[in-house]
Amino acid sequence: MSSVKVEYDSKNMRFRRLGPTGLRVPVFSLGGWLTLGGTVVGDPVKDIIKIAYEHGVNMFDTAEGYADGNSELEMGRVIKELGLRRTDLIISTKIYAGTRKNNPNGTGLSRKHIIEGTKASLERLGMDYVDVIFAHRPDSTVPMEEIVRAFNFVIDQGWAFYWATSEWSAREIEEAYHVADKLGLSGPVAEQCQHHMFHRERPEKEYAPLYEKYKIGTTVWSPLASGLLTGKYNNGIPEGSRLANHKDFFKNTLDNLLNDEDGKKKLSKVRALSELAEKELGCSITHLALAWLAANPNTSTIILGASKPEQVVDNLKALDVIPKLTPEILEKIDRILENKPEPVPAFSRPALDPYGRK
Ligand SMILES: NC(=O)c1ccc[n+]([C@@H]2O[C@H](COP(=O)([O-])OP(=O)(O)OC[C@H]3O[C@@H](n4cnc5c(N)ncnc54)[C@H](OP(=O)(O)O)[C@@H]3O)[C@@H](O)[C@H]2O)c1
């Protein structure tokens, strides 16, 4: 019998349904992009996952493409070494990017790659199944029926319980729903989208009809805009930070922050948000930015990223800030950000409630 070294305790974590499903996901989960298996390898990966788990985070997100498969390898290794019970965990991975880019069928969403990619991901994770499998990007070169049928096959094999999308347009998600419906198959249950205080249009406006019609939930990525919303870039680019470590990948972000008026404006908004957080809520901008996402009713889970265990502990303090976000505070945030998306035009038909839901 396998021993359980770390017994799961949800602590003060809050749980939400993943979109329309019965799966309960923690409002804060943890992901491995750039960090786990990338800049962080070996024992530090274990330290980060262990501390997250000990603070009630039981959902972990990775992808076949993260660090060319190393993120899945490291995550799987650590979960095994910690002796975590599989049924206590929610694991998600994502298919699209592949690990062998020169193979014409090694990436994308063909039936071949969805099935072969899923099997390879499970092998790297050392698991029989993941809970949620995401199409990491849309693939316009594959018929939607092939994509929907392939993800349903993956579910039928017991390799995943649900399938979902990541960075698909609302039109593409709608198409997937209609195709699935026509075939009597399962449609996607969630969308893994970028959502943070400086990126609102798609999650808050483009997807608005989808939340209402299909009850999809979001699994939010880059909630801190890669660290910008911690205030760590207010006075330059600190050594060892993400933007310093990945200068080429973040070239446009760096140019924007260091040279553009728009970047300077963002930094002044970060300062104003820090002041609001400290003076009115007694918290940091990091906590405010994370709690603000959690206050959105369409957010199922916010995927945290961390290069150090202390960041996980710090970020989870946002749980205490969620109840403090009154309509007045949310309005003050919107006034600072000046980027609240216009509602979907109703052409004189009034919305039915503040979220446009029935
Ligand atoms: N589906 C997709 O296309 C997609 C794309 C991107 C990400 N994701 C998922 O979303 C997850 C989170 O994304 P993300 O890593 O970009 O999230 P993020 O929260 O925007 O950025 C995380 C980074 O910010 C810094 N940071 C975090 N907490 C901090 C704190 N309290 N104080 C100071 N610095 C802090 C750390 O970087 P440094 O310490 O290195 O500066 C950390 O690695 C990923 O791991 C992945 O699972 C999905």
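Reply: The buried residues of H11 are Ile-285, Thr-286, His-287, Leu-288, Ala-289, Leu-290, Ala-291, Trp-292, Leu-293 and Ala-294. A residue is buried if 20 or more other C-beta atoms lie within 10 Å of its own, exposed if 12 or fewer, and partly exposed in between, with C-beta atoms placed from the backbone. Helices (H or I, at least four residues) and strands (E, at least two) are DSSP runs, numbered from the N terminus. The model is predicted: local features need pLDDT of at least 70, side-chain atom pairs count only at pLDDT 80 or more, and totals for chains, interfaces and linings use all residues. Residues are numbered from 1 along each chain as its sequence is written.

Me: How many residues of H11 are buried, and what covers them?

Reply: In H11, 10 of its 10 residues are buried, so that helix is mostly covered. The cover includes strand E9 (217–220), H10, E10, H12 and helix H13 (327–337). Cover is read from contacts: two residues are in contact if their C-beta atoms, placed from the backbone, lie within 7 Å.

Me: How do I read the packing of H10 and H11?

Reply: Begin with the axes, which are lines fitted to C-alpha atoms, for helices over the stretch in contact; angles run from 0 to 180 degrees between N-to-C directions. Helix H10 (residues 261–281) meets helix H11 (residues 285–294) at an angle of about 90°, and their axes are 8 Å apart. That makes H10 roughly perpendicular to H11, a term for angles of 65 to 115 degrees; under 35 counts as roughly parallel, over 145 as roughly antiparallel and the rest as oblique. H10 makes the contact through Val-270, Leu-273, Ser-274, Ala-277 and Leu-281, and H11 through Ile-285, His-287 and Leu-288. By class, this contact has 6 nonpolar, 2 polar and no charged residues. Ala, Val, Leu, Ile, Met, Phe, Trp, Tyr, Cys and Pro count as nonpolar, Asp, Glu, Lys and Arg as charged, and the others, Gly among them, as polar.

Me: Is Val-270 buried or exposed?

Reply: Val-270 lies in helix H10 and counts as buried, because it has 23 C-beta neighbours inside 10 Å. Leaving aside neighbours within four places in sequence, Val-270 is in contact with Leu-228, Leu-229, Gly-231, Asn-234 and Ile-285.

Me: Which elements supply the shell around the ligand?

Reply: Strand E10 (299–304) and helix H12 (309–316) each supply at least two residues, and H12 gives the most, with 3 residues. The ligand is surrounded by 29 residues, the closest being Gly-31, Trp-221, Leu-224, Gly-227 and Gly-305. A residue is near a molecule if its C-beta atom, placed from the backbone, lies within 6 Å of it. The shell divides into 8 nonpolar, 16 polar and 5 charged residues.

Me: What is the phi of Ala-67?

Reply: Most residues other than glycine have a negative phi. Ala-67 has a positive phi of about 50° although it is not a glycine. Ala-67 lies in the loop between strand E4 (59–61) and helix H2 (70–82).
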